[in-house]
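Biologist: I have a new model open on my screen and would like to learn how to read it. Could you walk me through some of its features?

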Amino acid sequence: MSAVPPDGLTASRPAHELIRRQLDRLRGDMRRDAVISATVCELAARMGIRPADASEYLAGLSRESGVDVLEVALSMRGGDPPPVPEEAKVGVPEWIRVALQVPHVSACYLVPIHDRAGRVIDFYYAAMSPGATDVTGRSAERLTGHRLIVRNPGVVRSSLYDEYVRVMETGEPMHRGPFEYVEVLGDRLWPASLTARAVRAGDGLLTSWRAHDDEERLVSGWERAQRIAELGWGEWNLATGKVRWTRQMYEIFGREDGEGPMPIEVFPGKIVPEDQAVVDEGLRTLLEYREAAETEFRAMHRHGVRHVRMVSEPVLDSAGVLIAIRVLAIDITASRRRERALAAAHSRATQARRQAAEEQRVAARLQDTLLPLRRGTLDLPGLRVGLRYYPGEEVDRLGGDWYKARALPDGRVLLAIGDAMGHGLTAASLMAQMRSGLAGLAYTGAPADRLATWLNELIYHGSSAITVTGTAIIGHFDAETRELAWICAGHPAPVLVRDGTATLLQVRPGPIMGALESLSYTLETTPLRRGDLVLLYTDGVVERRGRDIEEGFEALLAAAHGTRADEDPERVLDRVLAELRDERGDDDICVLAVRVL
């Protein structure tokens, strides 16, 4: 009985969903680009302007009307493009017609079309070689006498048009390729791999192009792979659905010749279930982030399980659209050296995990000792403070968030919040150093800017082996004047909620602590009113992977908006964190809600 399951039978649902979603999105983007590219070229021809100017014009209409640029483009489609201006037409020299009989590739003679200022705004096909075709298969009879950018908008999209203009203006020949070229015809994209040449000749350009067929691309890919190692090479074309593989790829994945190459949708189903998470992440890197990925996994083979290392790279066209994925793969099953290295790496990893686990246990105990109160309220002179502290959900994400809120002998209230950079025992140790150090320094009665300078020196000199850094907000609240005098050391700005409106306090952020020996900080003084609420928080509240931090600030402000002047800080924290719960990451979270009484 074959060990190979039916195609896709064991594929993980996340991988299937990721592929389906990304393919739908990519193909939708391709159709959108096709419409916009063709419309830009039609506009340029009708208005007698350069394609770049037509693109800006279309974008301007979209901005002014508030309508998506695609909808604007659709509304402007239709009608026959203007013919080649009579003044642009020139006779084709006989020697050029003779020269066009020689090339065994597609060639043509392009004559420029100028605007009133004498700038090249287009070309037209004045003559073509026998049998010449563009990448869509249109013959010379359908192209000769027509405008270049109208018949072939892909030259603009691929920047080939700009290179033609440069050759016409400078006289310097052009040779480009192979490169990924995408033509637009009938709101569809026609991808191809091209090599193109151009040289100025008389009043125009002699140009040639050659589309590389599948066989040439396979040979080229295999030759590149051979230069690196004995690897299999393949390409998944996302635009056409075609798959190209070298012979070695069939051997690596246990496919028979009659089965053909493996579609990308089937690929996750051939992976051992325990390794599917690795493959899912690699696919996400390629399809979502458009970055190269290197993965190792076990694949199910008709002769058993194979260990495979694969290097994948996205192929983007000139407009940045992902059109294909190319892979290099090697079967590493029989490599004893690799097996020994993997065994040694596994042993080292096991030892490192044990050491890390022990460090995490120590760090957790240290956090519990220093921050026993993780929720509740504190009544201080002129203030009522609600607090929440949530350690990271994963043990290896245990961080160094800390807070300090206490009355001082001089009648002021010390308010501070900070974040020791990193995770684990190092972060927890630095957290302890910052919090304890500040507690002692605060009894000197010095202002917050001086406390920050001293604390920075303490951190800088406290660890000679490695550089440790942290951020903090440190301030004093005066109950008589209701003023908050505070500094910011690289930390997110506090939020002030006044009359139900939440805003970020304006701040001149100082440098993070511990990076340099001698640092100074600027003292900010913020007048507060009865009923004001100040939120102090760590970056785990606003930072998320793959999201701009400004979006995190906006989410926090939206959650705090509408807070009543008489609302208890505990209830404020419950409500704000409940609204942000779906947004929560795996980092530490520490928040203080400070109500002015």
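Biologist: Let me start with the overall fold. How many helices and strands does the secondary structure of the chain come to?

Modeller: Please keep in mind that this is a predicted model. The chain has 16 helices and 21 strands.

Biologist: What share of the residues counts as buried?

Modeller: The chain has 597 residues, and 48% of them count as buried.

Biologist: Now a helix pair. At what angle do the axes of helix 1 and helix 11 cross?

Modeller: Helix 1 covers residues 13-47 and helix 11 covers residues 276-287; their axes come within 10 Å and cross at roughly 10 degrees. Angles under 35 degrees count as roughly parallel, so helix 1 is roughly parallel to helix 11.

Biologist: Which residues of the two helices make the contact?

Modeller: Helix 1 contributes P14, A15, L18, I19, Q22 and R25, while D280, L283, R284 and L287 come from helix 11. Sorted by class, this contact of helix 1 with helix 11 has 6 nonpolar, 1 polar and 3 charged residues.

Biologist: Let us turn to the backbone. What should I expect of phi and of peptide bonds in general?

Modeller: Most residues other than glycine have a negative phi, and most peptide bonds are trans. That is the background for the next cases.

Biologist: Which residues does a cis peptide bond join here?

Modeller: The cis bond lies between G177 and P178, with omega at about -5 degrees. You will find P178 in strand 3, residues 174-185.

Biologist: And where is R290, and what is its phi?

Modeller: R290 is not a glycine, yet its phi is positive, about 55 degrees. This residue sits in the loop between helix 11 and strand 8 (293-301).

Biologist: Is D499 buried or exposed?

Modeller: D499 has 70% relative accessibility, so D499 counts as exposed. D499 also has a positive phi of about 55 degrees without being a glycine. Its place is the loop between strand 17 (495-498) and strand 18 (501-504).

Methods: Residues numbered from 1 in each chain as written. Predicted model: local features only at pLDDT ≥ 70, side-chain atom pairs only at ≥ 80, totals over all residues. Heavy atoms only, no water. Helix = DSSP H or I, 4+ residues; strand = E, 2+ residues; numbered from the N terminus. Buried < 20%, exposed > 50% of the residue type's maximum accessible area, 1.4 Å probe, protein only. Axes fitted to C-alpha atoms, helices over the stretch in contact; angles between N-to-C directions. Parallel < 35°, antiparallel > 145°, perpendicular 65-115°, else oblique. Contact = heavy atoms within 4.5 Å. Nonpolar A, V, L, I, M, F, W, Y, C, P; charged D, E, K, R; others polar.
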